[in-house]
Amino acid sequence: MTHNTELTPKFHPEITPSLEELQAQQRRLVFRQFTYEDAWALGSLLVELARERQAPVAIDIHRAGQQLFHAALPGSTPDNDAWIARKRRVVERYGEASYLVGARFRAKGTTFEDSSRLDPDRYAAHGGSFPITVEGVGVIGAVTVSGLPQLQDHRFVVEALEEFLNKD
């Protein structure tokens, strides 16, 4: 069996999603619950997809301040872990995907770095970190990928969340 090795087969990398599309993703990608077992299964799915595509990424899942899953694949570096932490802090602070936060600033004609008043060494509104939202509870954590261009990082996480949530 041959596997698709494109990084984001369901998407066209040249098409930047609109704010409405990004917001719709967040409304749609909501968990009924999120357990330790869910973190392991989602993280394992991300690793499987990354291996199939030979994607040089690091993957991280945090819930309520605790790291529940982490993997670094060949080609990733310690810098990816630093990017993960910076992107995850944006999700924790804003309760929205790191790519959406950056897109909101760009839509206003500015950048996150210029206008957020947050330390860019600690916060990065670049794609790849997505909130783990539980129905009736809200944002409880984040799933983050780093190693691809930011839009591909974002789309990779979204694709895995869609596949994971559609299994139920």
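Trainee: Why is the pair Glu159 and Arg53 called a salt bridge?

Mentor: The closest N and O atoms of Glu159 and Arg53 are 2.7 Å apart. A salt bridge needs a side-chain nitrogen of Lys or Arg within 4 Å of a carboxyl oxygen of Asp or Glu, so this pair qualifies. Bear in mind that the model is predicted: local features need pLDDT of at least 70, side-chain atom pairs count only at pLDDT 80 or more, and totals for chains, interfaces and linings use all residues. Residues are numbered from 1 along each chain as its sequence is written, and side-chain values use heavy atoms, with hydrogens and water left out.

Trainee: Which parts does the pair of Glu159 and Arg53 tie together?

Mentor: Glu159 belongs to helix H6 and Arg53 to helix H2, so parts 106 residues apart in sequence are tied together. Helices (H or I, at least four residues) and strands (E, at least two) are DSSP runs, numbered from the N terminus.

Trainee: Is Glu159 buried or exposed, and how do you know?

Mentor: Buried means under 20% relative accessible area, exposed over 50%, and partly exposed in between, with a 1.4 Å probe and protein chains only. Glu159 has 6% relative accessibility, so Glu159 counts as buried. Arg53, with 7%, is buried too.

Trainee: What makes Asp60, Arg88 and Glu92 one network?

Mentor: Arg88 forms a salt bridge with Asp60, the closest N and O atoms being 3.8 Å apart. Arg88 lies in helix H3 (residues 78–94) and Asp60 in strand S1, so parts 28 residues apart in sequence are joined. Arg88 also forms a salt bridge with Glu92, at 3.2 Å between the closest N and O atoms. Shared partners therefore join Asp60, Arg88 and Glu92 into one network.

Trainee: How do Arg88 and Glu92 sit in helix H3?

Mentor: Arg88 and Glu92 are 4 residues apart in H3, which means about one helical turn between them. Glu92 is partly exposed at 46%, while Arg88 at 12% is buried. Asp60, at 2%, is buried.

Trainee: How many salt bridges are there in the whole structure?

Mentor: The search finds 6.

Trainee: Why do S3 and S4 count as paired?

Mentor: Pairing takes at least two DSSP bridges between two strands. S3 and S4 have 6 and run antiparallel, so they pair. One of the bridges joins Thr133 to Val139 in S4.

Trainee: What makes S2 and S3 edge strands?

Mentor: The open sheet of 4 strands has the order S2-S1-S4-S3, with antiparallel pairing. S2 and S3 each have a single partner strand, so one side of each lacks a neighbour in the sheet.

Trainee: Which residues have the most contacts inside the largest nonpolar core?

Mentor: They are Phe31, Phe34 and Leu42, in a core of 37 residues. A nonpolar core is a set of buried Ala, Val, Leu, Ile, Met, Phe, Trp, Tyr and Cys residues joined through side-chain atoms within 4.5 Å. Helix H6 (150–166) is among the elements that supply at least two residues of this core, and H6 gives the most, with 8 residues.

Trainee: What does Leu42 touch, not counting residues up to four places away in sequence?

Mentor: Contact means heavy atoms within 4.5 Å. By that rule, Leu42 touches Phe31, Phe34, Ile61, Val143, Ala160, Leu161 and Phe164. Apart from this core lies another of 7 residues, including Phe105 and Phe112.
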